[in-house]
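Hi,

Here is the structure I promised to pass on.

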Amino acid sequence: QVQLIESGGGLVQAGGSLRLSCAASGRTFSSSAMAWFRQAPGKEREFVASTTWSGNSRDYSDSVKGRFTISRDNAKNTGYLQMNSLKPEDTAVYYCAAQRYGGSYKYWGQGTQVTVSS
């Protein structure tokens, strides 16, 4: 069993930066792939970024590529999403997820709100 708790969200002006954290409990996090997703009001949840258990391979959606960086520290059981050059369209609730399961992920956090003002 893995529990995920996101933090680091908030209100930022366009062009600013935020760093989201995803603190995990449970032994399997360090051996599991993890990802970040987001959901804006009135829209479906969308993929943002993912990484393998080692952090050596990373994947990004086209909308954030070059601006966001996913990383993890398995010794701390924590994942991160560094978000730079933020845009108003990045406003959403951001969720971290862990352990691939079928075409999705088995474990999800409660989400953290990111609001980017223009």
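**What I found**

Strands β5 and β6 (residues 58–60) run antiparallel and are joined by 3 bridges. Strands here are DSSP runs of E with at least two residues, numbered from the N terminus, and two of them count as paired if DSSP finds at least two bridges between them. Within this pair, S50 has D59 in β6 as its bridge partner. The two strands make a hairpin with 6 residues between them, where G55 takes a positive phi near 80°.

Before I go on, a word on the source: this is a predicted model, where local features need pLDDT of at least 70 and side-chain atom pairs count only at pLDDT 80 or more, while totals for chains, interfaces and linings use all residues. Residues are numbered from 1 along each chain as its sequence is written, and side-chain values use heavy atoms, with hydrogens and water left out.

On to β4 and β5, which are antiparallel too and joined by 5 bridges. W36 is bridged to A49 in β5. This hairpin has 6 residues between its strands, and G42 in the turn has a positive phi of about 75°.

W36 also turns up in the largest nonpolar core, which has 27 residues; L4, W36, V48, F68, L81, M83 and Y94 are those with the most contacts inside it. (A nonpolar core is a set of buried Ala, Val, Leu, Ile, Met, Phe, Trp, Tyr and Cys residues joined through side-chain atoms within 4.5 Å; buried means under 20% relative accessible area, exposed over 50%, partly exposed in between, with a 1.4 Å probe and protein chains only.) Several strands supply at least two residues each, including β4 (34–39), β5 (46–51) and β9 (92–101). Leaving out residues up to four places away in sequence, V48 touches W36, F37, R38, D59, Y60, S61, V64, F68, L81 and Y94, where a contact means heavy atoms within 4.5 Å.

How many disulfides are there? The count is 1, taking a disulfide as a pair of cysteine sulfur atoms within 2.5 Å. C22 is joined to C96, with 2.0 Å from S to S. That links distant parts of the chain, since C22 sits in β3 and C96 in β9, 74 residues apart. The link is right-handed, with 55° about the S-S bond, and both cysteines, C22 and C96, are buried.

Cheers

Note on methods
Helix = DSSP H or I, 4+ residues; strand = E, 2+ residues; numbered from the N terminus.
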